[in-house]
Amino acid sequence: MKSMVKYFNKTRQIKGGNKVKKFSLVMALAMAIMLTIGVSAALAAPGDYQPGTQTTSDKYTTTLDSTMGNSDSTSYGLRNGLSNANQTGTGEEVNDGSTAGDVIKNVTGQRTHGEYQNDTNSCASCHQTHTASGKNLLFKNGTYNTCTACHDGTLGFYNVFQGSNAGTFGGNPDKAVGNASVHMATGVMTVAAAPGGNRTSTDSNTWGKEFNCASCHSPHGSYSDRLLHYNPNGVGNTAPTDATGNPTGGKKIVNATIAYDSATGKYTAVDASGNTVAGPFLYGYTYGKPKLYWSQIRVKDATGVFTHKYSASESWNDVLKVNYRGGYFTDPDGVLAGKTAADIQMDVAPATVVKMNAAQIGTTPNNVAITSVTSYKSGVSGFCAACHTDYNSTSAQSESGTFSKAFRHKIVQGLKTGMIGEEKLVNGVATPNQTMVCLSCHYAHGTDKSTMLDARDTAVTAPDVNASSALKRYTNMAVCWKCHTDSKAEQLKNNDSLWNQKDAGTAPIN
Amino acid sequence: MTEIAQKRPFSIKRKYVYWVIQLMFVIALTGFLYSYFTNKNVFQGVQNFAATPTGEPTFVKLIYGKFGGGEFEKPMAVTVANERIYVSDTNKKRIQIFDLEGNPIKTFGEWGSKPGQFQFPYGVAGDSNGNIFVADLYNNSVSKFDKDGKYLGLFAEKQASEKVLVAPAGLAVKEERVYVTDVELNVVKVFDLNGNLVKQIGSKGVKPGQFNAPNAVAVDGEGKIYVTDTGNQRVQVFDKNGKFLKIINGSVDGNGQSVFVNPRGISVDDNGNVFVVSNLTHRFYVFDKDGKQKAAIGGYGEGEKQFSLPNGLFVDERGRVYITDTMNQRVAVFQS
C-alpha cells in the first residue's frame, strides 16, 4: 500500500504529466458526450422496429427477395422506402394513367378483373409498376387485405361479408351467437390444411402454398364465372404422381398420343382411354432455352427419342401454332413434314373450367352488370376437389381417396327440389339443379346462423350446435335430413307424432 | 495531493469523471430502451421542427387502444365530440371512446342486428347536444347514442326495414344538420337532428353531381358539402343547397388525372383546408380552400408517417387530424 502511494505520487510528479492527464480526462468526457448523443440518435431515429428480416437501418436499402411480401394481414413485409405510387422519385402523387373515372381505374363500362380491352386501364387498380409494397407489384402485401379493401361492401357491391350464393366471410364465430365457419382465406394457413387433401405436402407450388382469395379466384380473368381459378392448387400442371411414384392429386396428362385430322389440319391430344382431350390447355412454361411448356409437344428426333426441342433455342410449341384455348395445334409452316402422328406426343396441362348460370341483379354506376350465381352447369365439384381431393367420391359403396381411404358420401347423384346443383338433361331439356355437387350442401365462402336454413328451407334461429358449422347451407344435420327423409328410404325414420314436426322432402305432409 | 489539486483551477476528481461517463451511458441506454419498447422516436419533435414544410401537418402520436382486449382490430372511422375521441372499430363491432390525449375511456356496442347492436359500424359523428350517431353499413341504419354509448334509438327510421338508408357509410354533423352518405343508394341524405329528411343530393352515375359509392362527407363553415365519391375517385363539392360546385382530385382544375385510389375519409378545418384519405395508396392529402394541393403525407408501412390502408379522417377544432389506420390497427394523430 505504501509503495502504491509512492508510485502514484511518483507518477503525478512526472514533468508535464498533469497536462496529459487533464487532456485525457477532457478527451474522455468529450467522447462520452459524443457517444451519448450519437448512440441515442442513431438508435432512436427511424422510430420503428419491426421484427423479421429487416433491421431499422435497411429501410432505404432493402433488396427484394422472393420471400418478402408473401405474408398477409398485418405482417411485417416488404418496405422499400419509396412512398408511392407508380413513379419513382418525382411526381410521386400521380397514379399514372388514370382518368377521372373509376377507383377501379378502368374505362367506363369495362370490368376491373379480366376481359381486358385494347385501351384497358384496369391494372392500376391493384398494381404499382415501380413502387409496389407487396410481391407481384401489389399495392399491399397481402391478397386478403387488397381484395377486401373494396369487397367489404364499401363500394356498394360484391360484398363478401354479406350473404350470397357463396355464403359469407362475415359470420359471427361466437358459438353461442352465429357459430360461423369460413374458408380461412387470410393467408394464415396453407392449402395442405384442406380436409381430404395432401396434409403432409409442403410443395411451395401446390399444397404448401398460402391459402388466400387468389387460391380460388383469378383476378386477371379465367375461363369461369366468378373468376374461378383456371389452375387451382396447380392441378393442371402437376402430374398425377411425383418422381417417387406417390400420388399428388395433379391432373396433368403425361405422354398423350396425338390424332391428326387431315381435313382440318388439326392435331389433338388423346388420353390413355382413347378420348380426345378437350381444351383449354394451360400455356405456362418453365424458363430456359428452349422453354418447357406445361402443355408441351414432343417430337421424335433422328435417334427416335421424343424431345421438346425443335432447335437449340426453340421448343416445338414455339414453331407450331398451338391454340391453347381450343385445345389443338396446327402446322402451317410445315415443320412436321415427314412426321406422322405417331412421331408426336404431348403433355397436356388442362385448364380448370367451371360453368354456371348467373342472373343479373344490378348495374354498377359505370355500367358493368352485377350478377348472382343461380345454379351450376359443370365442373364445380372438380374445382373443390383440386384441394379437397379425397371427398369427391362417386360411390359410397367402397372406400375411396387418393391420400386417405374412407367411405365417403357420393357427390354425383340426384337432388331435392329447391337445392343448388348442376344441370342435367331431363327429357332432352337442360334442367338446372338436378345433380348434387359439393356446393349443394356447403357454401364456398362461409356460413353462420344468418345464412343457414333448416330442412324446410326456413331461416334458423339458433346457431349450429356442432363444433364447426363446416360451411354448411343447412344447420346441424338438417344437411342430411334435407334429402334423407324419403330417398331410397327403406328404414322408417320417424313415427307419426314426430313426422308432423319434422317433415321434409319432395312431397311434405303438412 | 491536496496541494497539487489546489494549484490547478480546472481539476476534477477522477472518480467523478467515471461517474459522469457512467451516468451518460445510463441515460443513453434508458433513452434507447424507452424508444425501443414504446416505439416512439424521441427525436421526432426536433426533426419535425427542422424538416416539416410550413403548413404541413406534423405527426403527434399514435393511438393503439388499450392493451388486453382494448386493441383495435379494424378502425374505420373517427370523430371528436364532447371533448372525446370516438373510433368505430368495424371488426370488433364496437365504438371506442378516448379522451383527447388518447387515453381509453370505454367502449360500447356488440355484434348483432338488433337495436343498438352493430354488424359494420362505420361513419361516426356527434352533435352539439352530446349525441353520437353511428352508421352501420350492414344493418341499414344510423343509430343514436348518448355520449357514453347509451342507445337512444334509430336516427332516421323507426325500423331499419323502412330502408330510408340502405348502406349508410359516412356521417357528418354541422349546424343542426346530419349528413349521411349511402354507398348503395349513391346519395347523400341530409336530416335535421330529429331524423327528418331535409334534403337529398346526387344519384347513381359518373357525371358531376352523381356518385359511385360515396364513403364520406364533410361540411365547412360556409355550409359547403364535400363528398368523397369513392368509386368515381374524386371529391365533389356542393353548395349548402346541394348544387354541384366543383371536383377536387388533385389535378389543377379537377378535370385531370386523379391522385386518389379508393378515396375515403374527409374533413374540412376552420380555414377551409380539405383533408382526404387515399386508401389504396396509403396516404392523406391536404388541399387549400381553392382545391390546390398543399400536402400529401403517408406511404405504405408501419412507421409514424406511414399507413396501411387508412380509411377514416377527422379534423377537430384544435386542428388535430385523426386518421384510422385500419391494417396497422391504430389511429394516427397529426397537428395541422
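**Entry 1: two phenylalanine pairs.** I began with Phe155(B) and Phe191(B), and both are buried (buried is under 20% relative accessible area, exposed over 50%, partly exposed in between, with a 1.4 Å probe and protein chains only). This is a predicted model, where local features need pLDDT of at least 70, side-chain atom pairs count only at pLDDT 80 or more, and totals for chains, interfaces and linings use all residues. Residues are numbered from 1 along each chain as its sequence is written, chains are lettered from A and ligands numbered from 1 in the order in which they are written, and side-chain values use heavy atoms, without hydrogens and water.

The ring centres of Phe155(B) and Phe191(B) are 5.4 Å apart with planes at 75°, so I noted the pair as edge-to-face. For rings of Phe, Tyr and Trp (its six-membered ring), pairing needs centres within 6.5 Å; planes under 30 degrees apart are stacked, over 60 edge-to-face, and the rest tilted. Phe155(B) sits in the loop between strands S11 (151–154) and S12 (168–174) of chain B, and Phe191(B) in strand S14 (residues 187–192), 36 residues apart. Helices (H or I, at least four residues) and strands (E, at least two) are DSSP runs numbered from the N terminus.

Next came Phe284(B) and Phe334(B): their centres are 5.2 Å apart and their planes at 65°, so this pair is edge-to-face. Phe284(B) is in strand S22 and Phe334(B) in strand S26 (residues 330–335) of chain B, so the pair ties together parts 50 residues apart in sequence. Phe284(B) has 0% relative accessibility and counts as buried; Phe334(B) is buried at 0% too. I also found that Phe59(B), Phe284(B), Phe307(B) and Phe334(B) form one aromatic cluster.

**Entry 2: the sheet around Phe284(B).** Which residue is the bridge partner of Phe284(B) in S23(B)? I found Ile297(B). Strand S22 (residues 283–287) of chain B pairs with S23(B) in the antiparallel sense over five bridges; two strands pair if DSSP finds at least two bridges between them. In chain B, the order S20-S21-S22-S23 makes an open sheet of four strands with antiparallel pairing. Its edge strands are S20 (263–268) and S23 (293–298) of chain B, each pairing on one side only.

Entry 3: The charged end of Lys93(B) sits over the ring of Trp111(B), 4.4 Å from its centre (the rule asks for NZ of Lys or CZ of Arg within 6 Å of the ring centre and within 35 degrees of the ring normal). In chain A, Lys291(A) lies over the face of Tyr285(A), 4.6 Å from the ring centre.

Lys93(B) and Trp111(B) came up again: they are among the residues closest to the centre of the second largest pocket, which 45 residues line. On a 1 Å grid over the protein atoms alone, a pocket is an open set of points where a 1.4 Å probe fits, with protein on both sides within 12 Å along at least five of seven lines; lining residues have an atom within 4 Å of a point.

Entry 4: Asn262(B) has a positive phi of about 60° although it is not a glycine, and it is buried at 0% relative accessible area. Asn82(B) has a positive phi near 55°, but counts as partly exposed at 28%. In chain A, the peptide bond from Gly279(A) to Pro280(A) is cis, with omega near 0°.
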